Amino acid sequence: LDEAASLHQLSLWCLRYAPLVAPDPPDGLWIDITGCAHLANEEAALGADLLTRLEQRGFAARLAIADTPGAAHALARHGAEPCMIVPAGKGPEALARLPVAALRLPEPVLEALHRLGFETIASIIAAPRAPLMRRFGAILLHRLDQALGRMPESINPILPEMAIAKRLTFIEPLSTAEAFKLVITRLTRSITLMLDKAGLGARRLDLIFERVDGTIQALRIGTSRPSRDAAHLARLLAERLESVDPGPGVEAMRLMVSIAEPLAYAQVDALDEVASETIDLAALIDRLENRLGGNRLYRLAPVESDVPERTMRRVPPLAPHLSQTWPATLPRPVRLLSPPQPVMALAPLPDQPPVAFTWRRMRIRVRHADGPERIHGEWWRRDAESPAVRDYFRVEDEQGRRFWLFRRGDGVDPATGDLSWFLHGFF
Amino acid sequence: MGAESALKAAADLTDLRLRIARLERGGSIGWAGRAGQTRQHPAVLPFTIDALDRHLPEGGLSLRCLHEVAAAAPEVEHGAAASLFVAGLAARLRGPVLWVIEQRDLFAPGLAAAGLHPDRLIIAEAGRGEAGKLVLLVMEEGLRHRGLAAVVGEVHGRLGLTASRRLQLAAEAGGVTGFALRRVARGDDPVLSEANAAVTRWRISALPSAPVIPHAPDVPGLGRARWQVELLRCRGGEPSSWIMEAVDAAGRLGMAEAASAPSTARLQHRERRRDRIRQHPWAVG
């Protein structure tokens with residue numbers, strides 16, 4: 001009983017990843033991430049994040065992402081690695097190598113299979129179906145078809161009671177995008193009214209589709225700022241409709257606010273230009289983020305560091321303005337090569353800029369140059385970096401192109417660098 | 001008094017030109033006030049360089065439309081000068097700038113040096129998906145959004161008539177200025193010469209800069225960079241080319257000293273020719 005309770009707790013916690021989570025006793029969880037991985041950048045990132053967080057909480061976990069619940073169940077328990085991610089359509093291939101025990105079969109069936117020499121799932125796939133049916137009963141083929149996606153399998157997700165949620169049931173099942181859009185409009189309208197009463201704005205919305213065949217589909221959207229703009233939320237949801245498969249039809253839809261944050265009334269109908277501008281931008285940022293995926297939109301903020309590559313960090317696009325910029329006295333290129341590309345350079349003396357260098361088999365003769373700007377390694381980061389020195393030069397070639405070159409080392413102490421030259425950017 | 005009336009005549013002429021240009025673009029006469037719009041960006045951004053502004057039909061860079069900026073061989077791939085040219089223009093507008101990239105080599109400190117403050121710069125990584133179409137899609141979304149001042153898109157692939165027309169329409173609808181920054185590996189790539197709907201098409205290339213101290217070329221150091229600014233195509237105007245000093249910390253170009261500025265006679269000829277094009281646009285390509 002205790003284990004069941006803790007599994008339930010864990011499945012509630014997993015709702016952060018996707019709206020559909022089902023406990024799979026005694027020791028498993030199903031998470032339906034269809035239409036949700038875009039918020040976590042991609043499936044691999046989502047899987048890795050889930051495993052690290054579980055580990056931090058003291059759980060040893062194995063994970064698989066696959067096309068069907070059956071395949072994921074099998075691969076998580078019998079796969080080669082603790083984090084198996086099977087690309088769409090590759091499920092059967094990945095399953096074939098697994099032992100028959102991966103198919104969730106009762107003990108007598110497994111024993112019988114072993115006695116007859118069926119060891120891997122591949123051997124069952126290859127065998128004629130009718131004799132299998134007669135010999136082992138319906139359960140074997142049933143499980144096989146579920147794992148291969150020939151037969152649908154629904155998980156029984158926990159549906160937490162959300163304070164702000166709205167469900168609509170339909171007399172006739174719906175299956176067209178137009179119909180869904182109408183329902184979304186109605187649902188978001190009721191939801192935003194509730195949010196308005198509570199003084200809240202939605203940060204995350206889950207839309208649940210209850211299909212006629214008993215299975216459940218869901219989609220999830222996130223916003224960069226709390227919002228109760230019905231039109232905006234409806235548009236975000238409608239843009240993700242393509243990830244929903246209505247199957248034989250949808251008989252009910254449920255919209256839940258899974259994360260809400262306080263939203264003052266003033267912010268909604270602000271009259272001054274600044275506030276309305278930022279709210280406007282939030283709508284654009286949300287749409288782009290839902291299209292491109294998480295972490296693809298950002299601003300860059302200055303970081304105090306001598307090493308050019310480290311002078312910036314990403315901040316969310318709508319983070320408060322920092323009013324900081326980089327020191328104007330240090331000339332910096334507009335394009336930075338990362339990592340810096342090695343070049344062959346000819347410099348008469350250690351302290352002087354090169355007279356020519358070869359990059360991509362092109363010989364570039366330097367006409368004007370400025371420098372050096374000496375940059376020291378940051379000893380507090382890595383031991384090996386502490387004595388390192390880079391001498392940066394801005395150079396212009398005969399055609400007027402401007403390059404940012406540096407030489408490793410100060411030319412006196414060999415520990416500061418081996419005097420090799422690198423191209424780091426373009427002005 | 002004579003000078004004053006000449007000034008007034010010039011102002012009237014500019015005003016007329018603006019109205020004509022607006023008619024040509026299919027807009028309405030007058031200071032286009034679209035109802036229901038809270039923010040109104042100005043219609044033209046002057047370069048504040050006489051030779052350039054006088055050449056352009058609206059007296060500067062037309063805003064709320066699409067412009068194309070490319071680099072010239074051999075530095076096409078990274079196009080640093082072209083990027084700085086765009087950054088300088090975007091910096092001189094008011095409001096946030098969306099910069100859509102496919103490749104992560106943009107260095108924000110360099111953009112800040114052209115006047116584009118990091119607080120105003122929002123970067124969108126569109127990735128290589130869908131054969132470069134994603135950049136165009138994100139640009140279009142951005143251009144439709146009146147909260148932005150400008151959208152810069154680094155276009156690695158093609159920018160054909162249909163795609164550029166979509167961007168142009170989006171820019172008009174949103175009132176946002178768009179810059180398609182072309183990034184191809186080779187300067188003679190045929191995709192660069194394809195026709196598109198951009199209102200102006202520019203090509204920016206580096207030129208040898210002048211020595212720091214004019215009569216002492218051997219003194220080490222780097223002066224202000226110098227660019228060849230080529231206007232390859234301009235709706236309602238004709239192509240031209242100038243030698244300019246690179247953008248400064250406020251994003252402004254400079255007139256290169258001792259550069260081959262067109263003579264007054266050539267300018268007058270150009271003026272006449274432009275008026276002729278106005279009257280008989282069909283007579284010239």
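**The interface of chain B and chain A**

Reply: Across the interface of chain B and chain A, six salt bridges are found. The model is a predicted one.

Me: Why is the meeting of Arg335(A) and Glu154(B) called a salt bridge?

Reply: The side chains of Arg335(A) and Glu154(B) meet at 2.8 Å, N to O. A salt bridge requires a side-chain nitrogen of Lys or Arg within 4 Å of a carboxyl oxygen of Asp or Glu, so the pair qualifies.

Me: How many residue pairs are in polar contact between the chains, and which elements of chain B supply residues to its side?

Reply: There are 19 residue pairs in polar contact between chain B and chain A, both residues being at pLDDT 80 or more.

Me: What makes strand S9 of chain A and S5(B) a pair?

Reply: Two bridges join S9 (residues 297-302) of chain A to S5(B), and the strands run antiparallel. Tyr298(A) has Ile123(B) as its bridge partner in S5(B).

Me: What area is buried between chain B and chain A?

Reply: About 4600 Å² is buried between them, and carbon and sulfur atoms give 60% of this area. In chain B, Phe107(B), Asp119(B) and Leu222(B) lose the most area to chain A, together 17% of what that side buries.

Definitions and conventions: Residues are numbered from 1 along each chain as its sequence is written. Chains are lettered from A and ligands numbered from 1 in the order in which they are written. This is a predicted model: local features need pLDDT of at least 70, side-chain atom pairs count only at pLDDT 80 or more; totals for chains, interfaces and linings use all residues. Side-chain values use heavy atoms; hydrogens and water are left out. Buried area is the accessible area (1.4 Å probe) that two parts lose on being put together, summed over both. A polar contact is a pair of N or O atoms within 3.5 Å; within protein, one must be able to donate a hydrogen and the other to accept it, and residues adjacent in sequence count only if both atoms are side-chain atoms. Two strands pair if DSSP finds at least two bridges between them. Helices (H or I, at least four residues) and strands (E, at least two) are DSSP runs, numbered from the N terminus.
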